Amino acid sequence: MKALLDFIPLIAFFIAARYSGILAAAGALLIATIVVYAIHFIRQKGKFDKQQWVVLLLTILFCGGTLLLRDDVYLRWKSPIINGIFALTLIVSAALNKPLMQLAMKDVFSLTMSGWKKLTVAWGLFFAFMGILHYITAFMMSDEAWINFKTYGWIPIMLVFVVAQFAVLKKHLNPTLTDKSAK
């Protein structure tokens, strides 16, 4: 349900951009994000995780800047910066021997510390790659290409990456997830 809710701002952005332009899309993205995060806040009993805070605050900052200054350059920076923050955070956590992917996926995979660090770096590099792609589409391509990539172009890339991760790590799945007798 959470993942489905998170697509609502993208859909609002896409529809508004198609029919009313980028400034209207910034407004739609901002409003939809605030509504969705209000729902998350209620469902999560008054709490956000760090990733949710980053996305919410940067959406408010970049969409707000776009609307106040009537310049879409601020909105164009949103995705590259968010992806860059995630990339940097993950890579630094691995370097400090506190791989964040271990916290997020410890119930799914059984890995050594080296494995958790490699997984965390892989995700960090993936977010860096996505940040670069978002930058290229935002600043070097047409508005239509940027809108399409920002809305749904990144999804197949993410799906391929996630499927590849599971294919590589399937032998490290937590036995309690696959053990039918444990249920």
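Author: Let's start with the classes: Ala, Val, Leu, Ile, Met, Phe, Trp, Tyr, Cys and Pro count as nonpolar, Asp, Glu, Lys and Arg as charged, and the others, Gly among them, as polar. Sorted that way, the lining of the largest pocket holds 32 nonpolar, nine polar and six charged residues. Keep in mind that this is a predicted model, where local features need pLDDT of at least 70, side-chain atom pairs count only at pLDDT 80 or more, and totals for chains, interfaces and linings use all residues. Residues are numbered from 1 along each chain as its sequence is written, and side-chain values use heavy atoms, leaving out hydrogens and water.

Reader: What makes something a pocket, and what makes it a cavity?

Author: On a 1 Å grid over the protein atoms alone, a cavity is a set of points where a 1.4 Å probe fits but cannot get out, while a pocket is an open set with protein on both sides within 12 Å along at least five of seven lines. A residue counts as lining if it has an atom within 4 Å of a point. Points are joined across faces, edges and corners, and the volume is the space filled by probe spheres set on them. Here, the largest pocket comes to about 1800 Å³. It is lined by 47 residues, and Gln51, Val55, Phe86, Phe127 and Met158 are the closest to its centre.

Reader: Which helix gives the most to that lining?

Author: That's α7, with nine residues. Helices α1 to α7 each supply at least two.

Reader: How many helices and strands are there, and what counts as one?

Author: Helices (H or I, at least four residues) and strands (E, at least two) are DSSP runs, numbered from the N terminus. The protein chain has eight helices and zero strands.

Reader: Why is glutamine 165 called buried?

Author: Buried means under 20% relative accessible area (exposed is over 50%, partly exposed in between, with a 1.4 Å probe and protein chains only). Glutamine 165 has 14%, so it is buried. It sits in helix α7. Counting a contact as heavy atoms within 4.5 Å, glutamine 165 touches Leu119, Ala122 and Trp123, setting aside residues up to four places away in sequence. Across the protein chain, buried residues make up 38% of the 183.
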